[in-house]
There are 2 protein chains.
Amino acid sequence: MKRSPGFDLESFLPYRLSVTTNRVSRAFAAQYQQEFGISIPEWRAIAVLGAFAPLSSNGIVERTAMDKAKVSRAVANLLKRGLIEREPHATDQRLIQLTLSKAGRKIYEAVIPRARAIEAEVTKGLSKADIAHLHWTLDRISARLDETESE
Amino acid sequence: MKRSPGFDLESFLPYRLSVTTNRVSRAFAAQYQQEFGISIPEWRAIAVLGAFAPLSSNGIVERTAMDKAKVSRAVANLLKRGLIEREPHATDQRLIQLTLSKAGRKIYEAVIPRARAIEAEVTKGLSKADIAHLHWTLDRISARLDETESE
DNA sequence: TGACATTCGTTTCATTTGAAACGATCGTAA
DNA sequence: TTACGATCGTTTCAAATGAAACGAATGTCA
């Protein structure tokens, strides 16, 4: 009557994903933190502002998969440190247009190559095809989650 | 002088890993929470105790990649709820032998097939080879992190 | 126009988190 | 034996987190 023989947590996919991802996140956070003094939420906000500014806070929410409270706090910090600038939206007073400041863009341009370097380091030993396959796999899983969550 | 043209956060591997993994974790946490009333740290402790009991708290730490504070809290909760039992180690008074109780094993055996089912659901559409490749890829990344961190 | 729901962003609240301090126990070496 | 450092597990503390409440602004529809 003994079921589930030899369940192995270490080969359980959600566990493996979680552990590996957390390690990667830590490695990155350490870099950003010590070299640029920014957290991961702040880095994400800077990244999308660098590419898509001007954006509202909600625009950042949509592009970073962070909830609005987190974005609000990240934005508040970046404003306090003068890395982004805000100005009211022309017609919709609820929206706030956010842009990288001079200093913010400087950090953006310093961080990007650094980020790419760390990404390359982590994926060293993987071929282009391996990496493409990983992205494809993550896409498939995400798609499955979309289906599952909307049931 | 404009560097880093078109950096795309959504194809940035650490970001993708983080977002996808968090979604998977949430989906699982919701299941465990509502069906069995246990958190992810608690579930992990139960999982390794189910397979390797008796274990000390430190044994759980080593097999779950959680820090000892987290394990300590999870163990305290499971004890309070009568899902695990503790008895002193024969020779080393610092160690505490932990085992699943009757009720704990019941939950363990109920959760395992459920966990496998959700895993199967998330990986639906992926072939055996795809999943094997994903595990292999995560192994490679972990190995790279091992090297990087020990430098 | 007015009433009502919705959206935006902030703030509050309870919970979770990891780092560090801690007491207790053990191993080791003088 | 007696120090001294290491290990085990708990607890404390400050920071991060997400859910929910909130005020302000906009959209919708009668």
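Modeller: A salt bridge is a side-chain nitrogen of Lys or Arg within 4 Å of a carboxyl oxygen of Asp or Glu. This is a predicted model, in which local features need pLDDT of at least 70 and side-chain atom pairs count only at pLDDT 80 or more, while totals for chains, interfaces and linings use all residues. Residues are numbered from 1 along each chain as its sequence is written, chains are lettered from A and ligands numbered from 1 in the order in which they are written, and side-chain values use heavy atoms, with hydrogens and water left out.

Colleague: What makes E42(A) and R81(A) a salt bridge?

Modeller: The closest N and O atoms of E42(A) and R81(A) are 3.7 Å apart, and the cut-off is 4 Å, so the pair qualifies. E42(A) belongs to helix α2 of chain A and R81(A) to the loop between α4 (68–80) and β1 (84–88), 39 residues apart, and the pair links distant parts of the chain. Helices (H or I, at least four residues) and strands (E, at least two) are DSSP runs, numbered from the N terminus.

Colleague: Why is E42(A) called buried, and why is R81(A) called partly exposed?

Modeller: Buried means under 20% relative accessible area, exposed over 50%, and partly exposed in between, with a 1.4 Å probe and protein chains only. E42(A) has 7% relative accessibility and therefore counts as buried. R81(A), at 39%, counts as partly exposed.

Colleague: What makes D139(A) and R16(B) a pair that joins two chains?

Modeller: Their side chains meet in a salt bridge at 2.9 Å, N to O. D139(A) lies in helix α6 of chain A and R16(B) in helix α1 (residues 13–36) of chain B, so the pair joins two chains. D139(A) is partly exposed with a relative accessible area of 42%, whereas R16(B) is buried at 10%.

Colleague: How do you know that R114(B) and E35(B) link distant parts of their chain?

Modeller: R114(B) is in helix α5 (residues 102–122) of chain B and E35(B) in helix α1 of chain B, 79 residues apart. Their side chains meet in a salt bridge at 3.2 Å, N to O. R114(B), at 28% relative accessibility, counts as partly exposed, and E35(B) is partly exposed at 37%. The structure holds 14 salt bridges over all chains.

Colleague: How many salt bridges does the rule find across the interface of chain A and chain B?

Modeller: The rule finds four across that interface. One salt bridge is formed by D146(A) with R23(B), the closest N and O atoms being 2.8 Å apart.

Colleague: What makes the link between D146(B) and R23(A) a polar contact?

Modeller: A polar contact is a pair of N or O atoms within 3.5 Å; within protein, one must be able to donate a hydrogen and the other to accept it, and residues adjacent in sequence count only if both atoms are side-chain atoms. The side chains of D146(B) and R23(A) are joined by a polar contact of 2.8 Å. D146(B) is found in helix α6 (residues 128–149) of chain B and is partly exposed, with a relative accessible area of 43%. Between chain A and chain B, 20 residue pairs are in polar contact, both at pLDDT 80 or more.

Colleague: Which helix gives the most to the side of chain A that touches chain B?

Modeller: α6(A) gives the most, with 16 residues. That side has 28 nonpolar, 15 polar and 19 charged residues, where Ala, Val, Leu, Ile, Met, Phe, Trp, Tyr, Cys and Pro count as nonpolar, Asp, Glu, Lys and Arg as charged, and the others, Gly among them, as polar.

Colleague: How many residues are in contact between chain A and chain B, and what area is buried between them?

Modeller: Contact means heavy atoms within 4.5 Å, and 62 residues of chain A are in contact with 63 residues of chain B. Buried area is the accessible area (1.4 Å probe) that two parts lose on being put together, summed over both. For chain A and chain B the area is about 6000 Å², of which carbon and sulfur atoms give 62%. In chain A, F7(A), R23(A) and R144(A) lose the most area to chain B, together 12% of what that side buries.

Colleague: Why is T137(A) called buried?

Modeller: T137(A) has 1% relative accessibility and therefore counts as buried. T137(A) is found in helix α6 of chain A and, leaving aside its neighbours within four places in sequence, is in contact with L126(B) and L134(B).

Colleague: How do you know that the copies are related as by a two-fold rotation axis?

Modeller: Copies are superposed by least squares on the C-alpha atoms of residues with pLDDT of at least 70 in both. A rotation of 180° with 0.0 Å of shift along its axis superposes chain A on chain B, with RMSD 0.0 Å. The two copies are therefore related as by a two-fold rotation axis. Of the interface residues of chain A, 100% are also interface residues in chain B, so the copies meet through the same surface.
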